[in-house]
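Thanks for coming. Please put the model up on the screen, and I will talk through some of its local geometry.

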Amino acid sequence: MGLIGARGAAIAATKGMIILNSAGNSGEDAWRHIGVPADAPGVLAVGACNYDNARASFSSVGPTADGRIKPDLVAPGEMVVTAGNSGAELGLSSGTSLASPLLCGAIAGLWSAFPEKSDQEILDAVFEAPDKKDAPDIYQGYGLPDLSLAWLRLGGFYHEGPNRAGDGTLFSFDRSTGTLSFLHLDYFSDTSCRIEVRDMTGRLALSPIAQVSNREISRIDLKGAENLKPGAYRVSLVTNEKIYNWAAFVVF
């Protein structure tokens with residue numbers, strides 16, 4: 001049955017689905033390796049870590065029989081707060097069976113923010129963000145992923161690099177659509193605003209059409225920037241209550 005399950009999971013992973021499976025809780029047993037179908041090609045084996053991001057001792061380890069790194073990623077799975085079976089009862093529980101659904105739900109939420117992306121694009125962003133991506137091992141794989149960073153990457157907002165606005169605001173530029181985008185880590189009290197983009201000499205470079213999504217992380221898309229030349233710019237957003245000034249560096 002294990003072999004059939006592994007084959008089924010591997011096939012599902014080729015159909016545009018993202019398949020996660022618990023790595024197993026055999027880390028302290030004589031046979032401490034991951035089980036099936038966590039070892040199947042294309043399946044993300046999820047190990048368990050604790051609150052300090054150390055591997056939970058019970059979490060099964062890799063590699064696979066053919067030498068592939070497993071687990072792939074880890075998520076909280078030791079002493080996790082869980083719901084009880086009556087009323088508002090809470091308890092603590094441990095296991096990779098907690099870690100896997102936690103990460104599965106997080107990746108599902110990430111994908112729901114970018115439904116136009118393929119499964120591989122989502123996975124590429126996730127695997128660009130874990131804390132052990134440059135030195136994976138058989139205990140925690142590529143580590144604990146930073147899905148906030150993955151979300152920024154999928155949206156074209158770079159955590160590092162020249163296209164940053166600074167001052168709590170992230171910036172991206174898509175020349176193919178002519179869109180300058182900013183993420184502002186707060187609500188705007190007034191979304192009726194005037195926006196100007198000026199170069200460093202003060203010359204008006206763009207009076208864009210602005211679209212503002214007002215949330216806890218607000219997004220401001222400035223349309224009509226496809227002909228904006230590479231260089232440094234000052235973006236001013238003026239509302240009835242406040243003036244926001246951001247720097248943007250367009251390098252391509």
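Predicted model: local features only at pLDDT ≥ 70, side-chain atom pairs only at ≥ 80, totals over all residues.

Residues are numbered from 1 along each chain as its sequence is written, and side-chain values use heavy atoms, with hydrogens and water left out.

Backbone first. Most residues other than glycine have a negative phi, and most peptide bonds are trans. Please look at the loop between strand 2 (44-49) and strand 3 (73-76), where Pro63 is found. Helices and strands here are DSSP runs, H or I of at least four residues for helices and E of at least two for strands, numbered from the N terminus. The peptide bond joining Gly62 and Pro63 is cis, with omega about -5°. Pro71 is found in that loop between strand 2 and strand 3 as well, and a cis peptide bond, again with omega about -5°, joins Lys70 to Pro71.

The loop between strand 2 and strand 3 also holds Asn53. Asn53 is not a glycine, yet its phi is positive, about 65°. Its relative accessibility is 22%, so Asn53 counts as partly exposed; the classes are buried under 20% relative accessible area, exposed over 50%, and partly exposed in between, with a 1.4 Å probe and protein chains only. Met79 is another residue other than glycine with a positive phi, near 55°. Met79 sits in the loop between strand 3 and strand 4 (80-83), and we will meet Met79 again in the surface patch.

Next, charges. Side chains of opposite charge can pair when their charged atoms come close. How many salt bridges does a search of the whole structure find? The search gives seven, where a salt bridge is a side-chain nitrogen of Lys or Arg within 4 Å of a carboxyl oxygen of Asp or Glu.

Asp199 and Arg203 form another salt bridge, at 3.2 Å from N to O; Asp199 is buried, at 15% relative accessibility. Asp221 and Arg219 also pair, with their closest N and O atoms 2.9 Å apart. In that pair Asp221 is buried at 14%, whereas Arg219 is partly exposed at 28%. Finally, a network of salt bridges links Arg194, Glu196 and Arg198.

Now the cysteines. The disulfide count is zero, a disulfide being a pair of cysteine sulfur atoms within 2.5 Å. Cys49 is buried at 1% relative accessible area; Cys104 is partly exposed at 37%.

On to helix 3. Its buried residues include Asp119, Ile122, Leu123, Ala125 and Val126. They cover an arc of only 160° around the axis, which puts them on the same side of helix 3. The arc is that of the directions from the helix axis to the C-beta atoms.

The surface patch is nonpolar, about 450 Å², and made by Met79, Val81, Leu90 and Leu92. Patches are made of residues with over 30% relative accessible area and no salt bridge; like charges are joined within 9 Å, and nonpolar side chains (Val, Leu, Ile, Met, Phe, Trp, Tyr) within 5 Å. Areas come from the Shrake-Rupley method with a 1.4 Å probe, and for residues only the protein chains shown count as cover. Met79 is exposed at 52%. Leu90, in strand 5 (residues 90-93), is exposed at 63%.

Last, the aromatic pairs: there are two. Rings of Phe, Tyr and Trp (its six-membered ring) pair if their centres lie within 6.5 Å; planes under 30 degrees apart are stacked, over 60 edge-to-face, and the rest tilted. Phe127 and Tyr142 have ring centres 5.5 Å apart and planes at 85°, so the pair is edge-to-face. Phe127 lies in helix 3 (residues 119-127) and Tyr142 in the loop between helix 3 and helix 4 (147-154), so the pair ties together parts 15 residues apart in sequence. Phe127 is partly exposed at 21%, and Tyr142 is partly exposed at 26%.
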